[in-house]
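Please look at the structure below before reading on.

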Amino acid sequence: PEWELEYHKDVADTNKFYYVTMRQMEFDQHVLEMHLNGQDYYHFQTLHRPLPLPFLEKFLFGFHELKARFNTDKGSPAPPHIFFFNEKMLKVFLFGMISIVPDFILRSIDTNVTFEGPCIVHFSVKTVFGEMRMIKNLMPVEPFHQYVEARWWAEKTVPRWMAFIMATVAGKALEQDRQVWENKIYHHKPMLVAGDGPFPAFKKFYMQFYSESSNKICEDELAW
């Protein structure tokens, strides 16, 4: 399918947003891994349990609530090449035992992710200070090797130091995933258990980006 990039065009409005920073990364993985990540609800409670904050990840731990929504869901306004993901931090614990952040503060932070096609990811983080945005593009440069750029913007009401911290936290969270993404083995029929995310819906979503020639590429030993 073809489409014009629609989401988050308003970050170009310099009266509302300012540019924060850009991160460049490379990953040895399939291009779909970052999209597939949103279906693996359980890993947020294990791999991402330590908060990705420098020097604090050994002491602070979070509990997450997650929900992925596809255009096949009832009432979803999404076109076929779009799906959404929402993440809420419900609790932050010191040493995994003592809740240290009031619930009303955590409820005021809302993270929404829009996956647009197979290679574009949009983040929106809303806080009491305003909204921060990130647009991440994934570019396959060779089989199982991705070049990634993540650009951040923030509303002018957001302090610049807060935007830089958010960009740093997001980068650290990706590094938490790296070891898993770069060492996964594909199973056509994975063993799913209660509490897993909508993996079948994701598979149906992502299959639209393959073509008849995809199998021929695999036959040529260039399996993407």
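A contact means heavy atoms within 4.5 Å. By that rule, Phe27 touches Met34, Phe144, His145, Gln146, Val148, Leu174, Glu175, Arg178, Trp181 and Glu182, leaving out residues up to four places away in sequence.

The model is predicted, with local features needing pLDDT of at least 70 and side-chain atom pairs pLDDT 80 or more, while totals for chains, interfaces and linings use all residues. Residues are numbered from 1 along each chain as its sequence is written, and side-chain values use heavy atoms, without hydrogens and water.

Buried means under 20% relative accessible area, exposed over 50%, and partly exposed in between (1.4 Å probe, protein chains only). A nonpolar core is a set of buried Ala, Val, Leu, Ile, Met, Phe, Trp, Tyr and Cys residues joined through side-chain atoms within 4.5 Å. The largest one has 37 residues, and Phe27 is among the members that touch the most others. Helix α4 gives the most to this core, 6 residues.

Helices (H or I, at least four residues) and strands (E, at least two) are DSSP runs, numbered from the N terminus.

| Residues of α5 | State |
|---|---|
| Phe199, Phe202, Phe205, Tyr206 | buried |
| Pro200, Lys204 | exposed |

Pro200 and Lys204 sit on the face turned away from the buried side.

Leu56 is in the loop between α2 (41–46) and β2 (60–70). Leu56 counts as partly exposed because its relative accessibility is 38%.
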